[in-house]
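Colleague: Before we discuss the packing, could you bring up the model so that we can go through it together?

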Amino acid sequence: QAGAPYEAHEVSLRDKPAEMLARSPKGTVPVLVLPDGRVIDESLDIMKWAFEGRDVHGWWQRAQTADCLALIALCDGAFKRALDRYKYPERHAGGEGRIAERDQAVSCLLVPLERQLTSQPFLGGAQPCAADLAIFPFVRQFRAVDDKWFDAQRFDATRQWLAGWTESELFARCMARLNNGPAGDPPTPDR
């Protein structure tokens with residue numbers, strides 16, 4: 001959306017390339033390595049870098065409202081924590097339990113998200129913004145844990161918003177598998 005040029009590399013999280021771990025020891029994706037060698041390994045920071053000086057359509061600017069920033073903070077904090085424990089309860093022995101974590105995720109993000117999306121189609125209002133891009137992938141992950149349960153809940157505006165993103169051409173392009181082989185093979189440029 002920002003029009004920033006980049007080279008994409010497919011990464012298997014089960015077999016993380018040594019080069020990736022050398023640049024970003026935390027071993028998570030995405031990782032952006034800039035031409036000057038700087039590494040950005042937080043999604044929101046990568047988005048900010050991409051939109052800086054290239055935000056001709058206002059995607060980043062529309063995400064700078066108090067409501068959008070609050071939703072991003074909830075997503076990046078309490079929601080991601082609860083989502084991780086909901087998705088992988090076996091990794092978090094002694095936690096509150098899967099259903100309690102699901103309920104925590106609902107109350108901390110999905111309730112305020114539904115409230116905001118009931119009055120407007122996107123988090124940025126009538127047009128999408130970077131907050132939509134930052135949050136919808138995590139709501140998608142949450143839904144995927146138990147889609148039947150999620151679809152039975154009263155999150156009509158959120159479900160419609162999520163479907164709009166996951167059924168979009170933009171999403172299909174972003175989720176296309178790369179033709180890269182093992183690490184070191186030529187990357188896929190400028191997707």
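Colleague: Which residues of α4 are buried?

Modeller: This is a predicted model, in which local features need pLDDT of at least 70, side-chain atom pairs count only at pLDDT 80 or more, and totals for chains, interfaces and linings use all residues. Residues are numbered from 1 along each chain as its sequence is written, and side-chain values use heavy atoms, with hydrogens and water left out. Taking helices as DSSP runs of H or I with at least four residues, numbered from the N terminus, and buried as under 20% relative accessible area with a 1.4 Å probe and protein chains only, the buried residues of α4 are Cys68, Leu71, Ile72, Cys75, Phe79, Ala82, Leu83 and Tyr86.

Colleague: Where does α4 bend?

Modeller: Helix α4 covers residues 66–87 and reaches 29 Å from its first C-alpha to its last, close to the 32 Å expected at 1.5 Å a residue, the expected span being 1.5 Å times one less than the number of residues. The bend, which is the angle between axes fitted to the seven residues ending at a position and the seven starting there, is about 45 degrees and lies at Phe79.

Colleague: Is Ala63 buried or exposed?

Modeller: Ala63 is found in the loop between α3 and α4, and its contacts (heavy atoms within 4.5 Å), not counting residues up to four places away in sequence, are with Cys68, Leu69, Cys129, Ala130 and Ala131. Because its relative accessibility is 1%, Ala63 counts as buried.

Terms used: Helices (H or I, at least four residues) and strands (E, at least two) are DSSP runs, numbered from the N terminus. Buried means under 20% relative accessible area, exposed over 50%, partly exposed in between (1.4 Å probe, protein chains only).
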